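The sequence and structure follow.

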Amino acid sequence: MTATSHALDLPSGLFLQRSPAAVAAGLLDAAERSSSRRRSAYASAMAMLCFYINRAGTNLAPERRQCLEAAKRELRRLAGRG
């Protein structure tokens, strides 16, 4: 299955970073380097971030959720989308 996966290759511990800017930059960098993505780097990075937040659900500490939501805003800014 992993031979045909279109998931991004993310650096270990990326979602544990304390800085929203570091999370956003890491996601965007991984998406830009990926040769298997089917959509824009921004869309791939945002999808991965949303997927992580949604899968964590209520197990995500409020501080982590706040940081990752801020990473969404930073990702939009880095990609020139808002």
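How are helix 2 and helix 3 oriented to each other? They are roughly antiparallel (an angle over 145 degrees), with axes, as lines fitted to C-alpha atoms over the stretch in contact, at an angle of about 170 degrees between N-to-C directions.

The model is predicted, and local features need pLDDT of at least 70, side-chain atom pairs pLDDT 80 or more, while totals for chains, interfaces and linings use all residues. Residues are numbered from 1 along each chain as its sequence is written, and side-chain values use heavy atoms, without hydrogens and water.

Helices here are DSSP runs of H or I with at least four residues, numbered from the N terminus.

| Helix pair | Axis angle | Axis distance |
|---|---|---|
| Helix 1 (residues 20-33) and helix 2 (residues 41-56) | roughly 125 degrees | within 8 Å |
| Helix 2 and helix 3 | about 170 degrees | 11 Å |

Helix 1 is oblique to helix 2. In their contact (heavy atoms within 4.5 Å), residues including Val-23 and Leu-27 of helix 1 meet residues including Ala-45 and Met-48 of helix 2. This contact has nine nonpolar, one polar and one charged residues.

Between helix 2 and helix 3, the contact residues include Tyr-42 and Ile-53 in helix 2, and Leu-68 and Arg-76 in helix 3. They divide into ten nonpolar, no polar and four charged.

Helix 3 (residues 62-78) has 17 residues. Its buried residues (under 20% relative accessible area, 1.4 Å probe, protein chains only) include Cys-67, Leu-68 and Lys-72. Helix 1 and helix 2 are among what covers the buried residues of helix 3. Gly-80, with a positive phi near 70 degrees, follows helix 3.

Note on methods
Axes are lines fitted to C-alpha atoms, for helices over the stretch in contact, and angles run from 0 to 180 degrees between N-to-C directions. Helices (H or I, at least four residues) and strands (E, at least two) are DSSP runs, numbered from the N terminus. Angles under 35 degrees count as roughly parallel, over 145 as roughly antiparallel, 65 to 115 as roughly perpendicular and the rest as oblique. Ala, Val, Leu, Ile, Met, Phe, Trp, Tyr, Cys and Pro count as nonpolar, Asp, Glu, Lys and Arg as charged, and the others, Gly among them, as polar. The expected span of a helix is 1.5 Å times one less than its number of residues. Buried means under 20% relative accessible area, exposed over 50%, partly exposed in between (1.4 Å probe, protein chains only).
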